[in-house]
Amino acid sequence: MNEPALEIRNLSKTFSGQVVLDGVDLVLGEAEVHALVGQNGSGKSTLIKVLAGYHQPDPGASASVAGQPLQLGSASAAHDCGIRFVHQDLGLVLELSIVENLMLTRPYPRAFPGRIRWREARLLAGQMLARVGLETDVRRPVGELGLADRTGVAIARALPDPALGRAVLVLDEPTASLPADEVERLLATIRRLRAAGNSILLVSHHLEEVLDVADQITVLRDGRRVVCTAGAGVDHDGLTRLIVGHDLAISTGRAEAVASTEAGVLHLEGVAGATVRSISVTVRRGEIVGIAGLTGSGREALGAMVSGRLPRTGDVLVDGAAVAPAAPSAALAAGLAFVPGERARYGTFASMTVRHNVTMGSLRRHVRRGRIDARSERREVQEWIEELGIVTRGADAAITSLSGGNQQKVLVARALRLEPKALVLDDPTAGIDIKAREAVHQIIERSTESGLAVLLVSTDSDELARLCDRVLVMSHGRVAREIRRGSDLSPEAIDLAQVAATAA
Amino acid sequence: MSTQASVRPKADGGDSDDSAGRTGAQSAPQFRQPISAVLGRYSALFLLAFFVIVFGALKPDLFLTASTFRITFSEGVVTAVVALAFLVPLAAGTYDLSVGAMMGTSLVIMNWFGANTDIPIGLVAVGTVVLCSLIGLVSGIIIVKFRVNSLIATLGVSQVLSAVTLKVSNNRQITGAFSDRFGELGGKIVFGVPIVVLYLLVLATVIWFVLEHTPVGRYLFAVGSNPEAARLAGLSTTRLTYGSLAASGGIAAIAGIIYAMRVGAYSEQAGPGLLFPALAAVFFGASQFSGRPNVWGTLIAYFALAFGVKGLQLSFGPGTFWIQPLFQGAALLVAVGLASRQISQTRRSRRTQAAAAAAYATRQPAS
């Protein structure tokens with residue numbers, strides 16, 4: 001039998017007494033797609049970082065690539081063995097063209113006296129793209145490409161020269177922010193690379209695609225390998241149980257839709273701007289209305305328009321009162337709170353504490369004679385920490401010391417403490433682990449009990465199917481379909497409607 | 001093949017006793033800052049103590065005298081106030097490079113009105129503060145409405161202000177012919193402390209209170225941390241920017257007024273030359289205590305450097321006139337260099353902490 005493409009034995013890693021990886025074995029066969037799954041904190045990112053040479057392993061670990069010993073903890077040794085990494089943020093420069101991005105990590109073909117042979121470079125770039133099955137003009141800026149194609153460019157750049165032999169490609173959460181149809185294209189790229197003899201280590205939270213594409217699945221929990229199983233030998237529920245370590249109390253959805261007699265709280269009337277052509281929708285008291293749609297359908301801009309981050313035309317009304325456009329403060333004053341997407345960019349204040357992040361924007365109730373009463377503020381924040389189950393070492397911990405899921409809960413707390421009448425959430429669980437996702441879902445559900453009207457914009461069909469009373473599927477900037485709870489609301493129906501609406 | 005059977009943990013994994021085997025790791029992870037970071041936060045205080053001890057030992061009769069301390073403090077007050085003017089907009093992430101020129105403008109206005117009119121000087125002072133605040137507001141409009149980078153906008157404004165002061169003063173020294181009572185306001189010594197130092201302390205306390213203990217201060221730092229998130233959290237980022245620049249103009253005007261009290265005359269070196277020492281103090285100070293721009297860090301950093309310069313001058317005589325810019329330039333580079341190293345260290349340790357916290361959190365319910 002052939003040597004495995006990558007073999008890691010007995011890998012442990014301890015950070016100041018904290019065991020993060022504990023004797024992990026991993027065997028990646030040749031021309032195999034091997035998925036590495038686990039919750040945040042299970043040790044998968046540490047494993048990847050040791051492999052990338054960013055962390056040193058504890059003594060006792062060994063590794064080999066195609067039978068040749070590999071020194072773990074050395075970036076150059078890993079690179080020399082043909083191990084390549086594509087990280088979640090891809091590391092592309094959006095303003096530069098595809099060919100310029102591809103050439104960032106390798107020398108341009110040159111002529112005297114240092115002039116770039118552009119024609120040759122473009123040819124080379126075209127060949128590199130062909131390896132991942134991409135065909136497009138390499139002079140286009142990467143920013144013009146869809147997310148799946150960008151990932152393709154990043155993979156093409158990471159692949160070593162074919163002359164150096166087959167590669168071991170490590171893809172770290174490549175699909176975290178991809179909508180359903182683009183995920184399929186990326187998976188096709190992965191299969192193509194496998195067919196060409198490359199071996200792929202795929203790190204992912206998305207179990208459907210893991211089950212779809214992986215030959216082997218390694219599950220990590222608390223720094224240990226729980227199991228390594230064939231992808232065909234396990235189903236979604238079984239894998240979830242392995243990852244979490246016990247049955248997750250996932251309610252199968254809300255009992256029934258909110259009665260249509262409830263009063264409407266949030267009205268959108270002819271809202272338009274950017275990719276949105278015209279959207280009208282009414283969200284009633286206690287109702288959760290979902291917005292689905294592929295990238296480009298208008299789904300990605302709608303939340304930002306309602307919250308005032310992006311300009312818009314058309315009317316947004318809360319309890320009948322019009323909200324000024326492009327003014328988040330006006331929306332908040334009208335009782336419309338929001339949890340923006342892209343947490344780090346639009347949500348958190350990285351240099352500040354959990355407390356500052358929760359109370360940002362509304363300190364009035366803690367001000368005594370012009371001074372912030374830190375004790376009263378801390379007390380309130382502590383209540384939110386307990387209420388929402390935020391895992392933090394306290395109200396005064398740096399926000400950056402929290403995991404992504406817990407940072408998201410902080411943003412939810414910031415919105416809910418305003419006691420809004422309506423809440424807009426923009427992809428609230430993107431890139432956070434199963435347990436935190438479940439917690440955020442429960443928080444959203446609970447918040448509607450007191451009559452909050454929720455508009456949930458999401459790329460996650462499971463999430464929409466689980467939480468929403470009805471889901472509006474967007475296409476070409478308009479609502480293409482409405483799927484109601486009680487009739488045919490399911491993740492599959494949403495996926496299907498998204499793709500079908502685009503084709504129409 | 002049944003799913004259940006195939007996914008059961010393999011025997012060699014030994015995972016069934018997972019939680020039992022790691023009770024030792026159950027205790028909460030330790031969160032500690034590296035020692036060097038802690039020392040770095042008080043480096044300005046150490047430096048100040050170091051200078052006092054070294055120069056005190058070298059020149060005890062010259063350096064360790066009440067008059068040396070008095071002179072160093074009262075000479076430093078104007079620059080320290082200019083530093084505070086730079087500090088306020090910096091909290092909101094805006095650079096105001098016009099603070100030196102603004103101080104010069106304030107000084108020339110005071111002197112011109114003192115020399116050419118009979119308007120009570122108190123009224124002139126109030127008018128000067130208002131006018132300089134308005135000029136700060138203009139900088140704000142250029143930055144916010146015309147989307148000009150704050151470095152460029154305020155650099156441009158500072159050149160325009162220099163032109164105004166040159167024109168008004170006709171490129172000559174103006175002596176404002178201030179009353180003795182006005183001069184006394186700047187020269188008095190109260191309980192052995194120069195009164196201008198008390199002005200500085202009052203001003204610094206007010207700014208400290210606003211920055212650290214009021215919503216406005218919190219919001220300024222929020223804008224400095226993430227302007228887009230600040231806007232989405234409902235803050236009026238434009239008003240905060242306007243306000244911080246207006247405040248900066250007003251504080252710089254106060255620096256000019258204090259200079260007028262102390263020295264009286266206007267000369268063209270007065271204003272713009274203060275920008276760099278002020279800026280050095282703010283950035284050095286930002287590496288102190290909380291690790292972000294702050295009032296007390298700025299003042300201590302400024303006076304640590306001032307005492308260093310004074311000590312060198314006293315120890316090595318009048319040939320050391322070149323020492324001040326060298327000293328301040330080096331201090332700025334070292335301080336900012338150390339601070340950014342510190343930040344990367346803290347980030348790394350935070351990352352480790354985050355990993356540990358996540359591991360800890362996921363482990364809790366399993367036990």
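Reply: Two residues are in contact if their C-beta atoms, placed from the backbone, lie within 7 Å. In chain B, 80% of the contacts with a separation of 6 or more join residues 24 or more positions apart. The model is predicted, so local features need pLDDT of at least 70 and side-chain atom pairs count only at pLDDT 80 or more, while totals for chains, interfaces and linings use all residues. Residues are numbered from 1 along each chain as its sequence is written, and chains are lettered from A and ligands numbered from 1 in the order in which they are written.

Start with the whole of chain B. Its secondary structure comes to 16 helices and two strands (DSSP runs of H or I, at least four residues, or of E, at least two, numbered from the N terminus). Of its 367 residues, 46% count as buried (20 or more other C-beta atoms within 10 Å of the residue's own; 12 or fewer is exposed, in between is partly exposed).

Next, the domains. An automatic or database assignment sets the bounds. In chain B, domain 1 takes 32–64 + 274–349, and domain 2 takes 76–270. Their centres, taken over C-alpha atoms, are 24 Å apart. Where they touch, domain 1 of chain B gives 16 residues and domain 2 of chain B gives 20. On the domain 1 side, helix H14 (275–286) and helix H15 (295–316) of chain B each supply at least two residues. H15(B) gives the most to that side, with seven residues. By class, that side of domain 1 of chain B has 14 nonpolar, one polar and one charged residues (Ala, Val, Leu, Ile, Met, Phe, Trp, Tyr, Cys and Pro are nonpolar; Asp, Glu, Lys and Arg are charged; the others, Gly among them, are polar).

Now the helix pair. Helix H6 (99–116) and helix H7 (121–144) of chain B have axes that come within 10 Å and cross at roughly 150° (axes are lines fitted to C-alpha atoms, for helices over the stretch in contact; angles run from 0 to 180 degrees between N-to-C directions). The crossing of H6(B) and H7(B) is right-handed, a term used when the near helix is turned clockwise from the far one by less than a right angle; anticlockwise is left-handed. H6(B) brings residues including Met102(B), Ile109(B) and Phe113(B) to the contact. Among those from H7(B) are Ile121(B), Val124(B) and Cys132(B). The contact of H6(B) with H7(B) has nine nonpolar, four polar and no charged residues.

Last, chain A. It has an open sheet of six strands in the order E18-E21-E22-E15-E23-E24, with mixed pairing (strands pair if DSSP finds at least two bridges between them). E18(A) (336–339) and E24(A) (478–484) are the edge strands; each has a single partner strand, so one side of each lacks a neighbour in the sheet. From one strand to the next, the twist averages 20°. E15(A) (288–293) and E23(A) (470–475) pair in the parallel sense over five bridges. There, Gly293(A) stands opposite Met474(A). Helix H9 (299–307) of chain A packs on this sheet, and its direction makes about 145° with that of E21(A).

Follow E21(A) onward. Ile432(A) is in the loop between strand E21 (422–426) and helix H15 (434–448) of chain A. Ile432(A) counts as buried because 24 other C-beta atoms lie within 10 Å. Leaving aside neighbours within four places in sequence, Ile432(A) is in contact with Gly404(A), Gly405(A), Gln408(A) and Arg437(A).
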